[in-house]
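Please take a look at the model, then read on.

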Amino acid sequence: MKLADNKATLSFSNGTPSIDLPVYHGSVGPDVVDIRKLYAQTGMFTYDPGFLSTAATQSAITYIDGDKGELLYRGYPIEQLATSCDFMETCHLLLYGNLPNAVQKKDFSSLVTNHTMVHEQMQFFLRGFRRDAHPMAIMTGLVGALSAFYHDSTDINNAEHREISAIRLIAKMPTLVAMAYKYTIGQPYMYPKNSLSYSGNFLHMMFANPCEEYKVNPVLERALDRIFILHADHEQNASTSTVRLCGSSGTNPFAAIAAGVACLWGPAHGGANEAALNMLGDIQKNGGVEKIGDFIKQVKDKNSGVKLMGFGHRVYKNYDPRAKLMQETCKEVLQEMGLEKDPLFKLAMALEKIALEDDYFVSRKLYPNVDFYSGIVQRAIGIPVPLFTAIFALARTVGWIAQLNEMIGDPEYKIGRPRQLFTGAVPRDVKPLAQR
Ligand code: SDX
């Protein structure tokens, strides 16, 4: 980051001496006011619950322009990556900062392929869960449990260990998600097949069974690969910030990623794709397109607690570029599966149209986000609704790891330790029990 010739002067109306705060430029996007010395110089904290105006770090990985609806991974527009690259190239880009050439891509892909198996004893963790356990509950447990198997790669401050754990996590997430799925339907686990692509192997582990040959559908393979690309990273979102804060204590990467999985599960975050599909299902059940008006009325009624899931975003105040690409992928998959008339897709398109013309949404700059269409396309691929967020976690693992490694690789990083504005009881003495 570059010191700006501009500076911020903080003055107080009560005569407290004013202070100058340096301003820094990044390569693109908003400047930052450096407040690191504020408490030492004024005895005061800044106050920003929800971090609406706070940059928690500098980063060179992902840039979002929320007003324009732009998303760049290491400078490359998401539209170009989603149409001209595959997920392995995107992983290489996010981890190492550049798109691989043919040799690097081959080496990276085979490195990942050769780490897709998990320790046989991982199966015993699954047996402890009920068959109807939510896949995200299972994933939170399984990812954390990986730390127990990789003592040789849990020194987060060792660059080689960081590299090994990055490959292991990217490689094993599809295996674990497929195992979580197979466990809930009582089918045997399918081992990874090294002859398949990353996405093709995931489809195989999910939908193949030992009794018959399984042929990967190339349209679904490409669609899934694009879904992974679109979900790979997204700047300092809630789960990425969780991974950074968790990793800042020096804990092992598997534990830090497990924390990210747990955070992503929330319906305000990665759980929105499951919630959005359930929302569409409910509207469909209650009358479909004709009943959209009633639903929108509920959403506008603050007391209803009903939100239009898959809409709105803290950063995007324009159309989420991923939602556009996801809608296109939706059309391709529905066509391939002969589901062009899928009522939920039609309902989603109608809902989007009505919302984008309604002042409640327009005035609040609420647009479809990545989660609005992703559920429809995953459902068309045959992925069960409760597994949607686990697929999001699978794809986001590379982003979490890249962000974690960027932080740990920064010699200036410290353990994250926010402060507070205390509004509780001032010091008081304990009365003996008889006097309470
Ligand atoms: C993801 O951060 C990321 O980058 C996340 C993500 C990633 O890739 O990591 O992009 C993935 O999490 C996408 C978001 C998925 N979540 C949802 O789709 C859930 C529904 N959306 C909302 O819960 C909400 O929009 C958030 C949580 C996404 C953003 O909330 P903010 O920025 O805290 O905004 P807010 O809740 O303060 O809302 C501002 C106004 C409020 O109305 P007023 O109080 O001003 O009258 O907009 C309203 C909100 O009530 N509003 C909605 C709404 N989202 C916001 N009203 C109806 N439906 C919605 N979806």
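The crossing of helix 7 and helix 8 is right-handed, a term that applies if the near helix is turned clockwise from the far one by less than a right angle, with anticlockwise giving left-handed. This is a predicted model, in which local features need pLDDT of at least 70 and side-chain atom pairs count only at pLDDT 80 or more, while totals for chains, interfaces and linings use all residues. Residues are numbered from 1 along each chain as its sequence is written, and side-chain values use heavy atoms, without hydrogens or water.

- Helices (H or I, at least four residues) and strands (E, at least two) are DSSP runs, numbered from the N terminus.
- Axes are lines fitted to C-alpha atoms, for helices over the stretch in contact, and angles run from 0 to 180 degrees between N-to-C directions.
- On the helix 7 side, the contact (heavy atoms within 4.5 Å) includes Pro174 and Tyr181, and on the helix 8 side it includes Phe202 and Met206.
- Its residues divide into 10 nonpolar, 1 polar and 1 charged (Ala, Val, Leu, Ile, Met, Phe, Trp, Tyr, Cys and Pro are nonpolar; Asp, Glu, Lys and Arg are charged; the others, Gly among them, are polar).

**Helix 3 with helix 7**
- Helix 3 (residues 87–96) packs on helix 7 at about 150°, with the axes 13 Å apart.
- Helix 3 and helix 7 are therefore roughly antiparallel to each other, and their crossing is right-handed.
- Met88, Cys91, Leu95 and Tyr96 of helix 3 meet Glu163, Ala166, Ile167 and Ile170 of helix 7.

- An open sheet is built from 3 strands in the order 1-2-3, with antiparallel pairing; two strands pair if DSSP finds at least two bridges between them.
- Strand 1 (2–10) and strand 3 (32–33) are the edge strands, each pairing on one side only.
- Strand 2 (residues 19–25) is joined to strand 3 by 2 bridges.
- Tyrosine 24 stands opposite valine 32 in strand 3.

**Isoleucine 354**
- Isoleucine 354 sits in helix 15 (residues 343–357).
- Its relative accessible area is 34%, so isoleucine 354 is partly exposed (between buried, under 20%, and exposed, over 50%, with a 1.4 Å probe and protein chains only).
- Beyond its neighbours within four places in sequence, isoleucine 354 is in contact with Ile292 and Ile296.

How values were computed
Parallel < 35°, antiparallel > 145°, perpendicular 65-115°, else oblique.
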